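Here's a quick briefing on how this chain packs on the inside. Have a look at the model first, then run through the notes below.

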Amino acid sequence: MKRARNRSSWSAILPAVLIVSCRSTEQELIDRFFAASQRGDNETVAALSMVAFPEELTEWRVLGIGQAQTSPYEIPELRRAVEEAEDARDAQFKEFGAFRQENYDDLARIQRLLRQNPEHAFSGRLGELQIAWDNYREERKEIVAGLHRAEQELEGAFRRVTKSLQRESSPEYLVGETVQKRARVRVSTGDRDRFYWVTLTRYELRNQFDAVVPARWIITEIAPES
C-alpha cells in the first residue's frame, strides 16, 4: 500500500513538473518580471528589464510569443551617427568662427545696439549680417541638439547590450545581430484587464577574437495594445 501511495503521489506531481519545464526562457523572464513588479521588487525589475511596468497589477497571463526577428547589431551604426554629427558640429563651428572673425567689428556693433534696444531694426549691410548671424546661431543649436540625440541613442544602446551580456565585454568592439521577440500579455490592473506588447531583446555577438559572447533575453519595451 505504501508503494501504491508513493506512485500515486508521483503521478500527481509529474504533470505539474512537465508544465513548468515546458515554459520557454522568454516566458519565464516575463513571469519573473511581472511577479517582481507586483511585489514592488524594483531591484529585480531593473535586473530583467530596461523599463518598469507603468501600473499596479494583480494578475497577468502571457497569451503568446511571436517568432524571432533579427536585425543588424545597432552599435556600429549608432557610433557612425555620432561621428557624423560630431563632424557636422565641427564644420559648422569652423564656418561660424570664420564668419565671426571676418565681420567682428560690425557684429560687435550689432550686439551693442541690441543691448541698448532689443527691438532695434537694422538695414543695409548690418541688417544682412544680423540675419546671417541669427541663421548661424539657429543652425548651431540644431546641429548640437542632433549630436546630443545621437549620443543619447548610443548610450541607451550601450545600456541595453551591457544588461543583456552575461559576461563583461565592451559593446563597441562586438559584431553580430540583434534578436527580438514580441509577447502579448493580458494584465489585470485593479478593476480592468488590459493588453500589452512586451518586447524581448537578446544579442548574438562575437568579439574581436571571433569568440561568442553569451547574452540573455531582457525586456526592452512595454507598450499598451492599441
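Contact here means heavy atoms within 4.5 Å. This is a predicted model, so local features need pLDDT of at least 70 and side-chain atom pairs count only at pLDDT 80 or more, while totals for chains, interfaces and linings use all residues. Residues are numbered from 1 along each chain as its sequence is written, and side-chain values use heavy atoms, with hydrogens and water left out.

**Nonpolar cores**

- A nonpolar core is a set of buried Ala, Val, Leu, Ile, Met, Phe, Trp, Tyr and Cys residues joined through side-chain atoms within 4.5 Å; buried means under 20% relative accessible area, exposed over 50%, partly exposed in between (1.4 Å probe, protein chains only).
- The largest nonpolar core has 20 residues, and Phe33, Phe34, Phe53, Val185 and Val198 touch the most other members.
- Two or more residues each come from α2 (25-39), α3 (42-48), β3 (175-189), β4 (192-206) and β6 (218-224); helices (H or I, at least four residues) and strands (E, at least two) are DSSP runs, numbered from the N terminus.
- Helix α2 gives the most to this core, with five residues.
- Leaving out residues up to four places away in sequence, Phe34 touches Phe53, Leu57, Trp60, Val185, Val187 and Val198.
- There's also a second, separate core of 16 residues, with Leu78, Ala150, Leu205 and Val213 among them.

**Thr201**

- You'll find Thr201 in strand β4.
- Thr201 counts as buried because its relative accessibility is 1%.
- The side chains of Thr201 and Thr220 make a polar contact at 2.8 Å (a pair of N or O atoms within 3.5 Å; within protein, one must be able to donate a hydrogen and the other to accept it, and residues adjacent in sequence count only if both atoms are side-chain atoms).
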